[in-house]
Amino acid sequence: MKKCFSLLLALWMALGLAACSSSSAIRYDIPSPISNLDPQFATDDAARMVISQVFEGLFRQLPSGEVEPALAESYILSEDGLTYTFRLRQDAQWSGNGVRVSSGGWEEGTPVTAHDFVFALRRMFDPAARSPFAAEFSRIQNAQRILDGELDYQSLGVQALDDYTLQIRLDRPDNLLPQRLAASYAMPCNEAFFRSTTARYGLALENLIFNGPFYLRSWTESQLSLRQNSVYASPDPAEGFGVNFYVAQGDPEQRFLSGDTDAAQVSFSGANTAQSQGAAISSFEDTVWVLLLNNQWNLGTEEEPLYPFGEGDIRRAISHTVDRSLFSGQLAANLRPASTLVPSAIFFLGWPYRTLAGEESPIVTSSELAKRYQVTGLENLGLERLPTLTLLVPDTGNLPQVAGYLQQGITQSLSVYCGLEVVPQEELDSRVASGRFQLAVYPLTADYASPEAFLGAFTSGSGANFQGYADPTFDALLEEASGLSGRELLATYQQAEERLLSEGGAIPLFFETSYYAAAQGVSGLQFSPFLSGFSFRDAVKN
């Protein structure tokens, strides 16, 4: 009987400790299972958020969009702007997750060194498995020639001068390199451990090691559990502190309002309800919805292609048909009409970029101008009229109703039928990314706090240039901007944005404000419209 009672007491204590430990973990919902946590290759937003908690790079980005040193203790930029030399902290270590793996030369407590960054950046350019983010570092010395197949990826201009000194050489200046180095894809990678995983790095718990504020304790289809990394150089949080990510458990907003989670991205109405319950709310106007025209839509043949939206006057014609006053009253409370591209979450020189650059567009609503540009555009293409068009729009909220006004403007101003196809957001994303669309209402967000994060999506070499827009003048302006700073940089961004809008390369529709909520008793949780969106590093749950 005593033995039975002892077992029950031990079980009760274990359950009590587990409950206590779990209660100190912040609970957060993610929309779908995560299959890949390889920093250099994971593209899913939720995966990148997790990566940003369990890894640490040279820099970290703050909610304001500014970056601060993380593993980079300091750095020096050469006078010509072509060589960055980083001095790394010497207290950073690699740690495991409690799962024994074949170390392949790696041991618990191995220092994080400059060699780990050299290996991470070079493997992004390996032609056997090239990272989808490699183009972000195309200004590194030899990067473009590697991408073009002219040089071996080992010739990338990154070098460990010693264990704690990293040098990155550029072919041309890049004033946004620190922002790029703060991204999830720029995290270090220990070569010895990577080799030991035999091409399964980041695909399972036993194939990961960490250097961030948390380590990944468990990883299943329904939940990921992060716990404090004991070797991370920071003040210790409460015992058992961590983050539990729940996968596809239901509507995230409703679960937050019901107290099932501790933080969430919420709607405008959800933010009001959450605030009335004592939650802390952060908000950012961080998204711009645009009307994309597929410049690669071909009316001709493979031998003799004919791209109607590749003709600038056709793009301008459609731009002039958009009458934002018609749908402004139909927009949800977190949306406002936009005739410019860069939203106000982007700060520049300490001010919102929109405050400095203004909100006036070179394109005005005018059926007369739309008709004139259509006439010249059709003449240039050798066409008598445009064919029937189809506008893709997501089934979110009343966006189909808003798109109806775009459809109406095109049909009435250009005398061409424009159909409306309403699809789930996931299908819209897939079709836009693969180029299977003619026109689409599509959201743009940013990885880092710079006008270039939005403008750069329309450069001819960008992987995010799904519409295939190409303008050498626009490309040259953004190339020039990479070596400028201060007011000269502001003026160049303004010219680039005006050029893009006047050419019909981007047709802005409305800005969207995102709302984030932290439950009462949760403090230190940082929300950001950039990168991973959340940082749990300094969070505390009472």
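Tyr-215 lies in strand β8, which spans residues 214-219, where strands (E, at least two residues) and helices (H or I, at least four) are DSSP runs numbered from the N terminus. The model is a predicted one, in which local features need pLDDT of at least 70 and side-chain atom pairs count only at pLDDT 80 or more, while totals for chains, interfaces and linings use all residues. Residues are numbered from 1 along each chain as its sequence is written, and side-chain values use heavy atoms, with hydrogens and water left out.

Once its neighbours within four places in sequence are set aside, Tyr-215 is in contact (heavy atoms within 4.5 Å) with Val-54, Gly-96, Asn-97, Phe-210, Ser-225, Leu-226, Arg-227, Gln-228 and Asn-229. For Asn-229, which is 14 residues away along the chain, the separation of its C-alpha atom from that of Tyr-215 is 5.4 Å.

A crossing is called left-handed if the near helix is turned anticlockwise from the far one by less than a right angle, and right-handed if clockwise.

| Helix pair | Axis angle | Axis distance | Crossing |
|---|---|---|---|
| α9 (312-321) and α12 (367-381) | about 160 degrees | 7 Å | left-handed |
| α9 (312-321) and α13 (399-414) | about 120 degrees | 8 Å | right-handed |
| α16 (472-481) and α17 (486-502) | roughly 165 degrees | within 9 Å | left-handed |

Angles under 35 degrees count as roughly parallel, over 145 as roughly antiparallel, 65 to 115 as roughly perpendicular and the rest as oblique. Helices α9 and α12 are therefore roughly antiparallel to each other. Their contact draws on Asp-313, Ile-314, Arg-316, Ala-317, His-320 and Thr-321 of α9, and on residues of α12 including Leu-369, Tyr-373 and Leu-381; by class it comprises seven nonpolar, six polar and two charged residues. Here Ala, Val, Leu, Ile, Met, Phe, Trp, Tyr, Cys and Pro count as nonpolar, Asp, Glu, Lys and Arg as charged, and the others, Gly among them, as polar.

Helix α9 also meets α13, through Ala-317, Ile-318 and Thr-321 on the α9 side and Gly-409, Ile-410, Ser-413 and Leu-414 on the α13 side, a contact of four nonpolar, three polar and no charged residues.

Helices α16 and α17 are likewise described as roughly antiparallel to each other. Among the residues that make their contact are Phe-474 and Leu-477 of α16 and Tyr-493 and Arg-499 of α17, and the classes are eight nonpolar, three polar and two charged.

Helix α17 also gives three residues, the largest share, to the lining of the second largest pocket. A pocket is an open set of points on a 1 Å grid over the protein atoms alone, where a 1.4 Å probe fits, with protein on both sides within 12 Å along at least five of seven lines, and lining residues have an atom within 4 Å of a point. Its volume is about 520 Å³, taken as the space filled by probe spheres set on the points, which are joined across faces, edges and corners. Of the 19 lining residues, Gln-179, Phe-347, Phe-348, Leu-349 and Ala-449 are the closest to the centre of this pocket, and the lining divides into 10 nonpolar, eight polar and one charged.

Definitions and conventions
Axes are lines fitted to C-alpha atoms, for helices over the stretch in contact, and angles run from 0 to 180 degrees between N-to-C directions.
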